[in-house]
Amino acid sequence: MTSTSYIADNWYWMVAAGASGALLLWQQIKEGGGGGLSPALAVQLINKEKAQVIDVCEPAEFAAAHVAGAKNIPLGEIGSGKGLPGNKKLPLVVVCAAGVRSAKAVTQLKAMGYENVQSLAGGLKAWREANLPIDKA
(Lines give C-alpha, C1' and ligand atoms only; values in the text may rest on other atoms or scores of the structure.)
Protein backbone atom coordinates (compact mmCIF):
# COMPACT_ATOMS: atom_id res chain seq x y z
CA MET A 1 0.00 0.00 0.00
CA THR A 2 1.44 3.36 -0.94
CA SER A 3 1.12 6.40 1.21
CA THR A 4 0.57 9.65 -0.67
CA SER A 5 -0.51 13.01 0.61
CA TYR A 6 -3.95 14.44 0.09
CA ILE A 7 -2.54 17.46 -1.73
CA ALA A 8 -0.60 15.32 -4.19
CA ASP A 9 -3.68 13.21 -4.90
CA ASN A 10 -6.01 16.20 -5.35
CA TRP A 11 -3.80 18.94 -6.79
CA TYR A 12 -6.10 19.52 -9.77
CA TRP A 13 -9.02 20.44 -7.47
CA MET A 14 -6.87 22.99 -5.68
CA VAL A 15 -5.77 24.52 -8.97
CA ALA A 16 -9.41 24.73 -10.10
CA ALA A 17 -10.46 26.38 -6.80
CA GLY A 18 -7.62 28.89 -7.04
CA ALA A 19 -8.44 29.75 -10.66
CA SER A 20 -12.13 30.18 -9.79
CA GLY A 21 -11.30 32.55 -6.94
CA ALA A 22 -8.96 34.54 -9.14
CA LEU A 23 -11.66 34.93 -11.81
CA LEU A 24 -14.19 36.15 -9.24
CA LEU A 25 -11.68 38.66 -7.89
CA TRP A 26 -10.89 39.89 -11.41
CA GLN A 27 -14.60 40.37 -12.14
CA GLN A 28 -15.07 42.43 -8.97
CA ILE A 29 -12.08 44.64 -9.77
CA LYS A 30 -13.22 45.12 -13.38
CA GLU A 31 -16.74 46.11 -12.29
CA GLY A 32 -15.72 49.03 -10.13
CA GLY A 33 -13.16 48.46 -7.50
CA GLY A 34 -14.41 45.37 -5.74
CA GLY A 35 -17.23 46.75 -3.69
CA GLY A 36 -20.30 48.85 -3.43
CA LEU A 37 -24.03 48.39 -3.43
CA SER A 38 -25.89 46.30 -5.95
CA PRO A 39 -28.68 48.18 -7.73
CA ALA A 40 -31.29 46.25 -5.70
CA LEU A 41 -29.68 47.21 -2.38
CA ALA A 42 -29.37 50.81 -3.55
CA VAL A 43 -33.11 50.91 -4.28
CA GLN A 44 -33.84 49.56 -0.79
CA LEU A 45 -31.61 52.20 0.77
CA ILE A 46 -33.30 54.94 -1.28
CA ASN A 47 -36.82 53.75 -0.48
CA LYS A 48 -36.44 52.73 3.16
CA GLU A 49 -33.80 55.13 4.49
CA LYS A 50 -34.39 58.07 2.13
CA ALA A 51 -30.83 57.89 0.78
CA GLN A 52 -29.82 60.69 -1.54
CA VAL A 53 -28.24 59.74 -4.87
CA ILE A 54 -25.18 61.78 -5.84
CA ASP A 55 -24.00 61.41 -9.44
CA VAL A 56 -20.33 62.35 -9.82
CA CYS A 57 -20.29 62.30 -13.64
CA GLU A 58 -19.49 65.40 -15.65
CA PRO A 59 -22.54 67.58 -16.48
CA ALA A 60 -22.72 66.39 -20.12
CA GLU A 61 -22.76 62.74 -19.02
CA PHE A 62 -25.37 63.53 -16.37
CA ALA A 63 -27.56 65.28 -18.95
CA ALA A 64 -27.44 62.25 -21.25
CA ALA A 65 -28.70 59.84 -18.56
CA HIS A 66 -28.71 59.49 -14.79
CA VAL A 67 -30.42 57.64 -11.95
CA ALA A 68 -33.90 59.09 -11.47
CA GLY A 69 -33.79 61.73 -8.74
CA ALA A 70 -30.00 61.95 -8.61
CA LYS A 71 -28.17 65.20 -7.88
CA ASN A 72 -25.14 66.00 -10.06
CA ILE A 73 -21.95 66.99 -8.27
CA PRO A 74 -18.94 66.21 -10.52
CA LEU A 75 -16.08 64.34 -8.87
CA GLY A 76 -13.78 67.35 -9.15
CA GLU A 77 -16.24 69.45 -7.11
CA ILE A 78 -16.96 66.96 -4.29
CA GLY A 79 -14.16 68.36 -2.11
CA SER A 80 -15.78 71.82 -2.07
CA GLY A 81 -18.85 70.41 -0.31
CA LYS A 82 -21.11 72.59 -2.45
CA GLY A 83 -24.46 70.93 -3.06
CA LEU A 84 -23.90 68.16 -0.52
CA PRO A 85 -26.45 67.60 2.25
CA GLY A 86 -25.71 69.31 5.56
CA ASN A 87 -26.72 66.22 7.53
CA LYS A 88 -23.62 64.00 7.41
CA LYS A 89 -25.60 61.05 8.80
CA LEU A 90 -27.93 60.95 5.79
CA PRO A 91 -27.27 57.87 3.64
CA LEU A 92 -25.68 58.67 0.28
CA VAL A 93 -25.52 56.45 -2.79
CA VAL A 94 -22.76 57.68 -5.10
CA VAL A 95 -23.03 56.88 -8.82
CA CYS A 96 -20.93 57.35 -11.95
CA ALA A 97 -20.87 55.67 -15.35
CA ALA A 98 -19.13 52.43 -14.30
CA GLY A 99 -18.35 52.68 -10.57
CA VAL A 100 -14.73 53.86 -10.62
CA ARG A 101 -15.21 57.59 -10.01
CA SER A 102 -17.93 56.93 -7.45
CA ALA A 103 -15.52 54.77 -5.41
CA LYS A 104 -13.06 57.71 -5.36
CA ALA A 105 -15.87 60.06 -4.31
CA VAL A 106 -16.85 57.74 -1.45
CA THR A 107 -13.29 57.98 -0.09
CA GLN A 108 -13.43 61.80 -0.26
CA LEU A 109 -16.88 61.98 1.33
CA LYS A 110 -15.87 59.72 4.21
CA ALA A 111 -12.82 61.92 4.80
CA MET A 112 -15.20 64.90 4.95
CA GLY A 113 -17.17 63.21 7.74
CA TYR A 114 -20.08 61.62 5.87
CA GLU A 115 -20.89 58.46 7.80
CA ASN A 116 -23.12 56.40 5.52
CA VAL A 117 -21.75 56.66 1.98
CA GLN A 118 -21.67 53.84 -0.53
CA SER A 119 -20.85 53.49 -4.20
CA LEU A 120 -23.20 51.85 -6.69
CA ALA A 121 -21.26 48.81 -7.92
CA GLY A 122 -21.09 48.88 -11.70
CA GLY A 123 -22.44 52.44 -11.82
CA LEU A 124 -25.15 53.63 -14.19
CA LYS A 125 -24.35 50.67 -16.45
CA ALA A 126 -25.45 48.21 -13.73
CA TRP A 127 -28.50 50.39 -12.94
CA ARG A 128 -29.60 50.22 -16.58
CA GLU A 129 -28.95 46.47 -16.78
CA ALA A 130 -31.28 46.06 -13.77
CA ASN A 131 -33.97 47.97 -15.75
CA LEU A 132 -34.27 50.68 -13.12
CA PRO A 133 -35.54 54.18 -13.96
CA ILE A 134 -33.25 56.76 -15.51
CA ASP A 135 -33.82 60.43 -16.31
CA LYS A 136 -32.43 62.61 -19.05
CA ALA A 137 -31.94 66.33 -18.71
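This report walks through the charged pairs, aromatic rings and nonpolar cores of a predicted model.

## Ground rules

The model is predicted, so local features need pLDDT of at least 70 and side-chain atom pairs count only at pLDDT 80 or more, while totals for chains, interfaces and linings use all residues. Residues are numbered from 1 along each chain as its sequence is written, and side-chain values use heavy atoms, with hydrogens and water left out.

## Salt bridges

Side chains of opposite charge can pair when their charged atoms come close. In a salt bridge, a side-chain nitrogen of Lys or Arg lies within 4 Å of a carboxyl oxygen of Asp or Glu. This structure has 2 of them.

One joins Arg101 to Glu61, with the closest N and O atoms 2.9 Å apart. This pair links distant parts of the chain: Arg101 belongs to helix H5 (residues 100–111) and Glu61 to helix H4 (residues 59–64), 40 residues apart. Helices (H or I, at least four residues) and strands (E, at least two) are DSSP runs, numbered from the N terminus. Are these two residues buried or partly exposed? Arg101 is partly exposed, at a relative accessible area of 23%. Glu61 is partly exposed too, at 32%. The scale is this: buried is under 20% relative accessible area, exposed is over 50%, and partly exposed is in between (1.4 Å probe, protein chains only).

Glu129 and Lys125 form a salt bridge as well, at 3.5 Å from N to O. Both sit in helix H6 (residues 123–129). They are 4 residues apart, about one turn of the helix. Glu129 is exposed, with a relative accessible area of 56%. Lys125 is exposed at 53%.

## Aromatic rings

The whole structure holds 2 aromatic pairs. Trp11 and Tyr12 make an edge-to-face pair, 5.8 Å centre to centre, with 80 degrees between the planes. Tyr12 and Trp13 have ring centres 5.6 Å apart and planes at 55 degrees, so this pair is tilted. The rule covers rings of Phe, Tyr and Trp (its six-membered ring) with centres within 6.5 Å; planes under 30 degrees apart are stacked, over 60 edge-to-face, and the rest tilted.

Trp11, Tyr12 and Trp13 form one aromatic cluster. Trp11 is exposed, at 51% relative accessible area. Tyr12 is partly exposed, at 41%. Trp13 is exposed, at 58%.

Another ring meets a charge. The charged end of Lys88 sits over the ring of Tyr114, 5.4 Å from its centre. To count, NZ of Lys or CZ of Arg must be within 6 Å of the ring centre and within 35 degrees of the ring normal.

## Nonpolar cores

In soluble globular proteins, nonpolar side chains tend to be buried together. A nonpolar core is a set of buried Ala, Val, Leu, Ile, Met, Phe, Trp, Tyr and Cys residues joined through side-chain atoms within 4.5 Å. The largest core here has 15 residues. Those with the most contacts inside it are Ile54, Val56, Ile78, Leu84, Val94, Leu109 and Val117. Strand E4 (92–95) and H5 each supply at least two residues of this core. H5 gives the largest share, 3 residues.

What does Val94 touch, leaving aside its neighbours within four places in sequence? Its contacts (heavy atoms within 4.5 Å) include Ile54, Val56, Ala105, Leu109 and Val117. Apart from this core lies another, of 14 residues, among them Leu45, Val93, Val95 and Leu124.

Thr107 lies in helix H5. Thr107 is exposed, at 55% relative accessibility. Its C-alpha atom is 9.7 Å from that of Ser119, 12 residues away along the chain.
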